[in-house]
Amino acid sequence: MPQLIERGLCLTCVHARRVATRRGSVFLMCQAAEDDQRLRQYPQLPVRECHAFREERPTETPAADPR
Ligand code: SF4
């Protein structure tokens with residue numbers, strides 16, 4: 001089971017979405033919770049262990065054209 005002690009897993013998970021309110025509050029919503037009843041839609045942070053964690057990979061930028 002993946003673990004990330006310092007910042008919590010949700011911050012780098014593909015299932016996490018930031019939800020901002022009109023008053024400026026920001027929540028983290030777990031989109032995987034829609035299909036997995038073991039997860040909470042709004043998890044208590046920091047999440048240190050999660051069976052559904054999938055690390056978000058930065059998108060690769062294409063190499064510069066050498067011309
Ligand atoms: S799947 Fe787990 S780690 Fe990913 S956002 Fe949901 S609760 Fe956080």
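## Contacts of C30

Apart from neighbours within four places in sequence, C30 is in contact with C10, H15, A16, L39, R40, Q41 and P43; two residues are in contact if their C-beta atoms, placed from the backbone, lie within 7 Å. This is a predicted model, in which local features need pLDDT of at least 70 and side-chain atom pairs count only at pLDDT 80 or more, while totals for chains, interfaces and linings use all residues. Residues are numbered from 1 along each chain as its sequence is written.

C30 counts as buried because it has 20 C-beta neighbours inside 10 Å. By definition, a residue is buried if 20 or more other C-beta atoms lie within 10 Å of its own, exposed if 12 or fewer, and partly exposed in between, with C-beta atoms placed from the backbone. C30 and Y42 are separated by 12 residues in sequence, and their C-alpha atoms are 6.1 Å apart in space.

## Strands and hairpin

The protein has two strands and zero helices; both kinds of element are DSSP runs numbered from the N terminus, with at least four residues for helices (H or I) and at least two for strands (E). C30 belongs to strand β2, residues 26–30. Strand β1, residues 16–20, runs antiparallel to β2 and is joined to β2 by five bridges; strands pair if DSSP finds at least two bridges between them. Opposite C30 in β2 stands A16, which is also among the contacts of C30.

Five residues lie between β1 and β2 in their hairpin, and G24 in the turn has a positive phi of about 95 degrees. In the segment after β2 is P46, and the peptide bond from L45 to P46 is cis, with omega near 0 degrees. Most residues other than glycine have a negative phi, and most peptide bonds are trans.

## Nonpolar core and ligand shell

Seven residues form the largest nonpolar core: L9, C10, C13, A16, C30, V47 and C50. Such a core is a set of buried Ala, Val, Leu, Ile, Met, Phe, Trp, Tyr and Cys residues joined through C-beta atoms within 7 Å. Across the protein, buried residues make up 13% of the 67 residues.

The ligand is surrounded by 13 residues, of which C10, C13, C30, C50 and A52 are the closest; a residue counts as near if its C-beta atom, placed from the backbone, lies within 6 Å. This shell holds 12 nonpolar residues, one polar residue and no charged residues. Ala, Val, Leu, Ile, Met, Phe, Trp, Tyr, Cys and Pro count as nonpolar, Asp, Glu, Lys and Arg as charged, and the others, Gly among them, as polar.
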